[in-house]
Amino acid sequence: MNSTLFIIGVIGNIISVLVFISPIPTFWRIVRSKSTEDFEAAPYVLTLLNTLLWLYYGLTKPDGLLVATVNGFGAVMETIYLVLFLVYAADKGKRVKTAKLVAALDIGFFGVVFVATTFAIGGLDMKIMVIGLICACLSVFMYGSPLAAVRRVIASRSVEYMPFFLSFFLFLNGGVWATYAILDKDVFLGVPNGTGCFLGGIQLVIYAVYMNSKVASHSHSHGSDEAAYDASASLLSSKASRHGQDDVATRV
């Protein structure tokens with residue numbers, strides 16, 4: 001790995017870490033109130049799956065260390081978030097629903113991918129291609145989640161549900177990892193992060209348009225926190241990789 005690629009990868013790791021830790025205020029609130037209130041676990045479940053797949057990709061691909069390290073960190077953080085979610089679930093139904101999602105996606109789906117690519121696919125290049133394709137598809141899907149927040153901003157003419165810094169870090173994270181992917185000639189890393197950079201740029205433009213709107217606003221609620229994370233969840237595709245509002249991804 002040349003020095004330029006390494007430096008860009010390290011910068012990408014730092015930005016992605018900032019995105020991964022962005023939900024901490026939300027979970028601090030959950031711990032203090034001892035309840036998940038109306039928060040949903042799905043964004044965290046999907047982000048954990050995303051980070052696990054990119055971690056696997058980074059470990060499988062030669063010179064994929066920087067992709068693996070940041071997603072390894074992300075997987076640890078998302079696991080912590082989900083454990084707290086299970087501990088402080090508002091009711092038994094939400095706890096059971098969360099456990100089923102984790103079992104089906106983070107354990108079941110990831111397990112199927114791991115077993116299939118390990119035992120049913122021969123050749124390193126083919127294995128990398130299959131894992132990378134799965135990662136890229138999931139990451140593009142997750143990077144599209146912030147569009148819900150964009151629609152909400154346009155409808156309400158208020159940026160309450162689209163925090164600036166999360167949108168900014170989504171744009172920055174996607175741009176840095178897309179640059180890394182171009183230098184590394186990694187299309188699986190480049191497509192989702194290029195998409196994330198583009199969508200992040202759209203969010204910043206929308207923010208600039210509506211930031212001074214004279215619309216009555218109310219204090220940020222847990223709803224805005226959740227919307228923010230949904231977006232960032234993806235981020236971590238990068239992330240190798242979320243609205244960088246999570247959601248992050250991914251995102252790496």
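pLDDT is the predictor's confidence in each residue, on a scale from 0 to 100. This model is predicted. The protein averages a pLDDT of 82, and 83% of the residues score at least 70. Residues 215-251 fall below 50, yet this stretch has 215 contacts in the model beyond near neighbours in sequence. Where pLDDT is low, the predicted coordinates should not be read in detail.

**Fold and surface**

The secondary structure comes to 10 helices and zero strands. Of the 252 residues, 51% count as buried. The accessible surface comes to about 11100 Å², and 73% of that belongs to carbon and sulfur atoms.

An unreviewed UniProt entry annotates residues 6-29, 41-59, 65-89, 101-122, 128-149, 161-183 and 189-210 as "transmembrane region". In the model, residues 6-29 are 88% helix and 0% strand, with end C-alpha atoms 37 Å apart. Residues 189-210 are 100% helix and 0% strand, and their end C-alpha atoms lie 32 Å apart.

Ile7 sits in helix H1 (residues 3-20). Together with Phe6 and Ile11, Ile7 makes a nonpolar surface patch of about 280 Å². Ile7 counts as partly exposed because its relative accessibility is 49%.

Leu204 is found in helix H9 (residues 187-210). Leaving aside neighbours within four places in sequence, Leu204 is in contact with Phe164, Ser167, Phe168 and Phe171. The C-alpha atoms of Leu204 and Ser167 are separated by 6.4 Å, although the two residues are 37 apart along the chain.

**Salt bridges**

Side chains of opposite charge can pair when their charged atoms come close. The whole structure holds four salt bridges.

| Pair | N to O distance |
|---|---|
| Arg29 and Glu37 | 2.8 Å |
| Glu40 and Lys97 | 3.8 Å |
| Asp186 and Lys61 | 2.5 Å |

Arg29 is partly exposed at 24% relative accessibility.

Glu40 forms a salt bridge with Lys97. Glu40 lies in the loop between helix H2 (24-33) and helix H3 (42-60), and Lys97 in helix H5 (residues 92-120), so the pair ties together parts that are 57 residues apart in sequence. Glu40 is partly exposed at 36%. Lys97 is partly exposed at 48%.

Asp186 and Lys61 meet in a salt bridge. This pair links distant parts of the chain, 125 residues apart: Asp186 in the loop between helix H8 (164-184) and H9, Lys61 in the loop between H3 and helix H4 (65-87). Lys61 is buried at 15%. Salt bridges with shared partners join Lys61, Asp184 and Asp186 into one network.

Technical notes
Residues numbered from 1 in each chain as written. Predicted model: local features only at pLDDT ≥ 70, side-chain atom pairs only at ≥ 80, totals over all residues. Heavy atoms only, no water. Contact = heavy atoms within 4.5 Å. UniProt positions renumbered as here; feature names shortened; annotations may be inferred. Helix = DSSP H or I, 4+ residues; strand = E, 2+ residues; numbered from the N terminus. Buried < 20%, exposed > 50% of the residue type's maximum accessible area, 1.4 Å probe, protein only. Areas by Shrake-Rupley, 256 points an atom, 1.4 Å probe, with all protein chains shown as cover. Patch = residues over 30% accessible without salt bridge, like charges linked within 9 Å, V, L, I, M, F, W, Y side chains within 5 Å. Salt bridge = Lys/Arg side-chain N within 4 Å of Asp/Glu carboxyl O.
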